[in-house]
Amino acid sequence: TLPGWAADEMSGALGGADRYQPGNDALRSFVHRQTFMQHARSGGALTAEDFLGSWVDLEGNSVKVYSIDAWELRLVAALSRPNRPDLQVSVRPLETGGWLCGSFELDPMDSSCDKLTWYSPDGRVSVWTKGRA
């Protein structure tokens, strides 16, 4: 887990202007996981390799995803924002087949090799597109 200051930084960095309006978080999480499992079974799930490379969020910030281990893929996302220190957070798989970046969960139905959509537990949305800032 992230220390409090890092979680706050991550929330600010990934927050963006869009917000998802959560209704019943437990129901949303259940439906999300069921949808992801159906998507994964159909061959649409993203692999660790799909995250590697340069991304840009909706605010124009640079996000670089790379592995910190030479022997296995252990992913880190480095977010670079103007006039603020870079922020590094882990990108890791969930046992259910999904992915987390810090505390943000990947939306598999709105993500691809060229676009990643992340949701925070409190409903904030961050969208990354493949490319350079």
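Cys113 is partly exposed, with a relative accessibility of 39%; partly exposed covers the range between buried, under 20% relative accessible area, and exposed, over 50%, with a 1.4 Å probe and protein chains only. Cys101, by contrast, is buried at 0%. The structure holds zero disulfides, a disulfide being a pair of cysteine sulfur atoms within 2.5 Å.

Before I continue, a word on the basis of these values. This is a predicted model, in which local features need pLDDT of at least 70 and side-chain atom pairs count only at pLDDT 80 or more, while totals for chains, interfaces and linings use all residues. Residues are numbered from 1 along each chain as its sequence is written, and side-chain values use heavy atoms, with hydrogens and water left out.

Let me turn to the overall arrangement. Eight strands close into a barrel in the order E1-E2-E3-E4-E5-E6-E7-E8, with antiparallel pairing. From one strand to the next, the twist averages 30°; the axes behind this value are lines fitted to C-alpha atoms, for helices over the stretch in contact, and angles run from 0 to 180 degrees between N-to-C directions. Strands here are DSSP runs of at least two residues marked E, helices being runs of H or I of at least four, and both are numbered from the N terminus. Two strands pair if DSSP finds at least two bridges between them.

Strand E5, residues 99-101, is joined to E6 by two bridges, and the two run antiparallel. Within this pair, Leu100 has Glu105 of E6 as its bridge partner. Strand E6, residues 104-106, is in turn joined to E7 by two bridges, again antiparallel. There, Leu106 stands opposite Trp118 in E7.

How many residues of strand E7 are buried? Four of the five residues in E7, which spans 115-119, are buried, and the strand is mostly covered. E7 pairs with strand E8, residues 125-130, over five bridges in the antiparallel sense. One of the residues involved is Tyr119, whose bridge partner in E8 is Val125.

Gly123 is buried at 1% relative accessibility.

Asn83 lies in the loop between strand E3 (75-80) and strand E4 (87-93). Phi of Asn83 is near 60°, a positive value in a residue other than glycine. Is Asn83 buried or exposed? Asn83 is exposed, because its relative accessible area is 84%.

Finally, I come to the charged pairs. The structure holds three salt bridges, each defined as a side-chain nitrogen of Lys or Arg within 4 Å of a carboxyl oxygen of Asp or Glu. In the bridge of Asp69 with Arg74, the closest N and O atoms are 3.5 Å apart, and Arg74 is partly exposed at 41%. Asp110 and Lys115 form another, with the closest N and O atoms 2.9 Å apart; Asp110 is partly exposed at 32%, as is Lys115 at 29%. Arg124 forms a salt bridge with Asp122, where the closest N and O atoms are 2.9 Å apart. Of this pair, Arg124 is buried at 11% relative accessibility, whereas Asp122 is partly exposed at 42%.
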